[in-house]
Amino acid sequence: MAAQSVRPLEGKNFCCTGIPAERRKVVAKKIVAMGGFYSADLMTDIRYLIVGRRDSDKFRFVVKNRYDVICLAPDAIDTVYKLWLEGEPKERLDPGLYRLPIFDQMKLCVARIDEKLNRKEFIGPDKCWRNTLHETPFEKNVIQTMLRKNGGEFSDVLSQDLTAVITTETRGKRVEMAREWKIPVVHPIWVHDCVVRGLAIPFIYYNLNPDNDYTKGCNVWSSVVKRNRTNNKVSTAVKRAGSDTVWKSLMISKSSIPNLAPDAEPNVWGDSNEAFSELAEEEPSSDIITPAPKRRQTSTKSRLFQDLAFASLGFTNDKKKMLSKVLAANDGRLVTPKDAQTTHVVVPWEDGSQAALALKLLPNELQQRITSGEVKVVSDWFLERSIYNKQLQYDCWSEPLQGMKKLNAEILGRRLKVCISGFTGIELLHVGSLLRKLNFEFEESLTKSRDLLIVNVNVFENSNALSKELLSQTPKEIIKCPYSISVSKLSTTNKIKFAKSNQIPVVSLKFLWEMLALSAESSKPYLRFPELSDSRWCVYMPTQPNAITEYTTRMGQAHDSLSESPVKYPSPRKSSSIASGKITGSSGMPISITATPSHHPTSESSGDEGIVYLDEGRS
């Protein structure tokens, strides 16, 4: 739940590397909630890489070929999200403040070093990044200071838990033992180059070897130097002022991020179980990490919930405290149900089915005010959607959801795997949360093993690809979902092609809402599915039997069950079907996306071929 109307990650694109799959899902959810864009692919427009480990192709590629991607610590997004919920000022919410320290989690042994090495051997016109090399770069205390100031741990003792050994001696017991233990042995110039680069350069380029010129670790040194020169101007101005406060405030105002290096070419790589593309980074120019700026308090405050008083129902004490902070940050109040000024009753979105029963526990006077419409009953999604859209959102998303029953996984011996496409922003966040709560296996990538694809049909609003019936359903807010104008249509089209070629049913979000309506009416404890081929939500119906129809049949839901009395929430139903094996277009003609789908590298280790678009709205 957001704590401010300002979304701190608006316009910022993120990717992860070395983060476990389940953890990535949590991080992606928080990024989207704060207005950011998450992709499993490291594309040219990605500006932030969340690094869980350095031994990944993504990280190595960033270090060597890109300078415009800021590498963040693993918990950076968690930190920003927590501060956001607590209503902290915008200055504290810049993800760039929570970078990955250069030598973080590294234990380095500083062994024998020839401190009299000639500095001039390591500088020159072709080594411009070393022009700032310390006058005595190989003194042990200089190296140890650089390591300590940039998050590293150093030791004089050789042990098997070391990350690397730093030395100029090619022989000796410690060097031989390190090599036997397969611990990298690197030249001390590695420390300086890493600090200039702002990232730990892979050891392989600095392995101690008389024939090694130690210059192959980065391909964009000239761009790094230009950037650092700009940073140095800021640093010099601060030193002249002689004030740490001025330094920090200047760092706050330095918000521009350089574009992709001119010598970097678009590329796509494979990173274990991840799919990605290019990378880059912006970092400090001195031998220390840029200090986090002093957080300045701001007097600006959202008035979104001005004059509104919310009585909570069904929340834990911890969630009540969070609600109180969120409301206060937006000029609202959390009150008790007995407060005569109550304007809203807020309940957990996932407890919508029990909302009616819970409301009976409220004071009689408040129940009467609810019945008369004087007091509105909303879910916490109302708060999230209102904050996200910066205006009050009274729609079907914000009402307590009825029919919140779980999929009966025992019917098929597994959960149904569902993928979505075309959604963005708060809708992307909420659709994923809803599917998980209903006990579906929500999958971010589309492969042959998926059972259902749910698409945002609104991406085709200005084309004749889909029938008018699909685009004119109610509630309007589940059909007219926002989408990324630039690429959502292409991404969704490609996914539909892939689904069609692999006999995967494709439906609109209306299918999910109808499922909730049917389940709310049913006395059965599990989810009920509507007729899959109904033209009000069916985009593509396979000719072959599928898991959805099998589940429906086994649950005893005959197709003619749709002839029952209409459901008032969320929309009326009618019995209708389309010919199997077609994608419904205008006038019942197949949609014009029958080309063979192109295959992209998958982000899963299942071995399935398929299209992978984790970044809903990008091809």
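**Notes on the predicted model**

1. Let's start with helix α16. It has 14 residues and reaches 20 Å from its first C-alpha to its last, close to the 20 Å expected at 1.5 Å a residue. Keep in mind that this is a predicted model.

2. Is α16 mostly covered or mostly open? Mostly covered: ten of its 14 residues are buried. The buried set is Ser488, Ser491, Thr492, Thr493, Asn494, Lys495, Ile496, Lys497, Phe498 and Ala499. Two lysines, Lys495 and Lys497, are on that list. As for what does the covering, it includes the strands β15 (417-421), β17 (452-455), β18 and β19 (538-540).

3. Just past the end of α16, have a look at Gln503, where phi is positive at about 55 degrees. This residue belongs to the loop that runs between α16 (488-501) and β18 (506-508). In general, most residues other than glycine have a negative phi.

4. Asp331 is another backbone spot to check: it is not a glycine, yet its phi is positive at about 70 degrees. You'll find Asp331 in the loop between α9 (317-329) and β12 (333-335).

5. While you're on the backbone, there is a cis peptide bond between Thr474 and Pro475, with omega at about -5 degrees. Pro475 sits in the loop that links α14 (468-471) to α15 (476-479).

6. On to the sheet with β5 in it. Four strands make up this open sheet, ordered β6-β5-β7-β8, and the pairing is parallel. Which strands are at the edges? β6 and β8 (185-186), each of which pairs on one side only. Strand β5 (residues 107-110) is joined to β6 by three bridges in the parallel sense, and Lys107 stands opposite Glu153 of β6.

7. Lys107 turns up again in the surroundings of Ser159. That serine lies in the loop between β6 (153-155) and β7 (164-166). Its side chain makes a polar contact of 2.4 Å with the side chain of Asp161. Beyond its neighbours within four places in sequence, Ser159 is in contact with Lys107, Trp181 and Ile183.

8. Aromatics next: how many aromatic pairs does the structure hold? The count is 16. One of them is Trp190 with Phe203, a tilted pair at 5.1 Å centre to centre and with 45 degrees between the planes. Trp190 is in helix α6 (residues 189-197) and Phe203 in the loop between α6 and α7 (221-241), so this pair ties together parts that are 13 residues apart in sequence. Both partners count as buried: Trp190 has 0% relative accessibility, and Phe203 has 16%.

9. Phe440, Phe511, Phe529, Trp537 and Tyr551 are linked into it by ring pairs.

10. The charged end of Arg7 is over the ring of Tyr388, 3.9 Å from its centre. Lys376 lies over the face of Tyr394, and here the distance to the ring centre is 5.3 Å.

Note on methods: Residues numbered from 1 in each chain as written. Predicted model: local features only at pLDDT ≥ 70, side-chain atom pairs only at ≥ 80, totals over all residues. Heavy atoms only, no water. Polar contact = N/O pair within 3.5 Å; in protein donor to acceptor, adjacent residues only side chain to side chain. Contact = heavy atoms within 4.5 Å. Phe/Tyr/Trp six-rings, centres within 6.5 Å; stacked < 30°, edge-to-face > 60°. Buried < 20%, exposed > 50% of the residue type's maximum accessible area, 1.4 Å probe, protein only. Lys NZ or Arg CZ within 6 Å of the ring centre and 35° of its normal. Expected span 1.5 Å × (residues − 1). Pairing = 2+ DSSP bridges.
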